[in-house]
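Me: I would like to go through this structure label by label. Please set each value against its cut-off.

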Amino acid sequence: MLSLDYQNKLLRPAWVEVDLDAVAHNVRAIKRHIGDVKLLAVVKANGYGLGAVMMAREVVANGADYLGVVMLDEAYELRRAGLAAPMINTGAILADQADAVIDLDIEQMIDQYDVAVALSQAAQKAGATARVHFKVDTGMSRFGVHYSRAVPEMQRLLTLPNIKVVGLFSHFPMSDGVDKSFALLQIERMKMIKRDLAAQGIRIPLWHMANSGGALDLPAAHFDMVRVGLLNYGYWPSFDVQQPFELAPAMSVRAKIVAIRDIERGDTVGYGRKFMATQKERIAVLPIGYADGYDRLLSKIGVILWHGQRAPIIGGLCMDAAFVKTTDLDAKIGDVVTLMGTDGEQNISPHDIAALIGSVSYEVMAQFGRRLPRVYLRDDAVIRIDNSLTAQSSS
Ligand SMILES: Cc1ncc(COP(=O)(O)O)c(C=O)c1O
């Protein structure tokens with residue numbers, strides 16, 4: 001019999017901290033930058049690691065017109081949490097999932113005729129209209145009808161009953177690099193489709209193409225709406241984009257030291273005995289590991305912040321623990337360390353971690369997993385803790 005209240009409590013001394021004021025600031029800055037164009041805020045992948053429900057609420061409260069997800073389960077999580085905002089699933093579904101699109105009252109990416117037929121049937125059965133966004137592949141080769149076949153495919157789609165094509169969109173594989181020539185070619189392909197459809201008397205209300213890089217660097221790709229993810233959370237997609245406004249980084253990862261060990265020359269640390277002391281050393285143990293998304297590649301090259309000072313990760317990173325060399329620091333059990341974010345004058349950004357492990361900031365952020373509670377701050381005070389392990393299960 002459990003007698004304590006475990007709901008949304010911070011039990012484990014390791015967590016993701018999210019500054020809601022930063023997200024609010026970023027969304028408002030993006031909106032000012034794009035002007036009259038609509039904003040779809042991408043909250044997929046658990047809101048890039050910051051928590052999908054809270055990110056969805058914050059972006060909507062600050063003026064996002066649409067929420068973007070990539071699977072029905074993500075849409076379900078948001079709808080169940082009471083988010084009624086317009087939502088697009090930009091990910092692919094299979095024909096047998098069409099009923100859920102209607103049930104969840106979301107708009108769906110379409111690039112396959114059989115799925116469109118299934119959606120049309122599901123909508124007829126429910127006495128509803130399926131709202132779809134026709135995706136055109138202008139160069140990503142992921143989803144979308146190839147741009148050369150876009151017009152006839154669109155005509156076929158328009159013959160289906162109970163389907164309303166509310167949008168046409170495409171995606172950039174590289175909008176944040178120095179060389180924009182391919183992105184500009186993709187924009188030309190979009191414009192050509194727009195002209196050809198107009199010539200057939202076909203008007204689609206919402207054209208969208210730009211992600212964060214496009215929103216910053218490619219005004220010609222703004223069309224009627226931009227789909228922005230990373231910028232909302234306070235990070236530039238690359239170091240090559242224009243930075244026309246200030247961004248406030250919203251995500252930190254912190255843990256408390258749970259053990260301190262004094263080791264002697266010849267002692268080894270962690271699995272694989274990767275670190276062998278050549279002198280007396282002091283090691284702090286952190287209760288966070290690669291199963292939390294703190295990448296195992298950081299074993300020998302990671303850095304953390306303690307009281308505004310840098311200290312190296314050593315030894316082999318464990319599933320649930322990491323080792324820090326604190327020989328020259330006065331670190332104690334219970335001290336907070338920062339694995340990502342700011343401490344004093346020092347900062348470790350997702351870009352810094354990505355550079356160490358040969359990844360991208362997107363992966364670094366999205367990797368931080370569900371075992372880490374999300375602690376939400378407003379005005380520097382904790383206003384909410386989401387702990388998905390202790391949250392009330394629906395069954
Ligand atoms: C279809 C689509 N649109 C927009 C975005 C947002 O990208 P970014 O986070 O670079 O703004 C993504 C994310 O990868 C996406 O898959």
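**Labels and their grounds**

Reply: We start with E17, which is in strand β1 (residues 14-19); strands (E, at least two residues) and helices (H or I, at least four) are DSSP runs, numbered from the N terminus. The model is predicted, so local features need pLDDT of at least 70 and side-chain atom pairs pLDDT 80 or more, while totals for chains, interfaces and linings use all residues. Residues are numbered from 1 along each chain as its sequence is written, and side-chain values use heavy atoms, without hydrogens and water.

Me: Why is E17 called buried?

Reply: Buried means under 20% relative accessible area, exposed over 50%, and partly exposed in between (1.4 Å probe, protein chains only). E17 has 14%, so E17 is buried.

Me: What makes the pair E17 and R254 a polar contact?

Reply: A polar contact is a pair of N or O atoms within 3.5 Å; within protein, one must be able to donate a hydrogen and the other to accept it, and residues adjacent in sequence count only if both atoms are side-chain atoms. The side chains of E17 and R254 are joined at 3.1 Å. R254 also has a side-chain polar contact with S252, at 3.5 Å.

Me: And what is S252 called, buried or exposed?

Reply: S252 belongs to strand β11 (residues 251-256). Its relative accessibility is 11%, so S252 counts as buried.

Me: Why does Q243 get another label, partly exposed?

Reply: Q243 has a relative accessible area of 46%, so the label is partly exposed. Q243 is in the loop between β10 and β11. Its C-alpha is 7.4 Å from that of L216, at 27 residues apart in sequence.

Me: What makes the phi of N162 worth a remark?

Reply: Most residues other than glycine have a negative phi. The phi of N162 is positive, near 60 degrees, and N162 is not a glycine. N162 sits in the loop between α7 (150-157) and β8 (163-169). At 29% relative accessibility, N162 is partly exposed.

Me: What is the phi of F223, and where does F223 lie?

Reply: Phi of F223 is positive, near 45 degrees. F223 lies in the loop between α9 (212-217) and β10. With a relative accessible area of 18%, F223 is buried.

Me: Which residues are closest to the ligand?

Reply: K44, Y48, S212, G229 and Y362 are the closest of the 13 residues that surround the ligand. A residue is near a molecule if one of its heavy atoms lies within 4 Å of it. The shell divides into 5 nonpolar, 5 polar and 3 charged residues.

Me: Which side chains have an N or O atom facing the ligand, and at what distance?

Reply: An N or O atom in the side chain of S212 is 2.6 Å from a ligand oxygen. For the side chain of R227, the distance to a ligand nitrogen is 2.8 Å. A polar backbone atom of L230 is 2.9 Å from a ligand oxygen. Taken alone the ligand exposes 400 Å², and the protein buries 92% of that (Shrake-Rupley method, 1.4 Å probe).

Terms used
Nonpolar A, V, L, I, M, F, W, Y, C, P; charged D, E, K, R; others polar.
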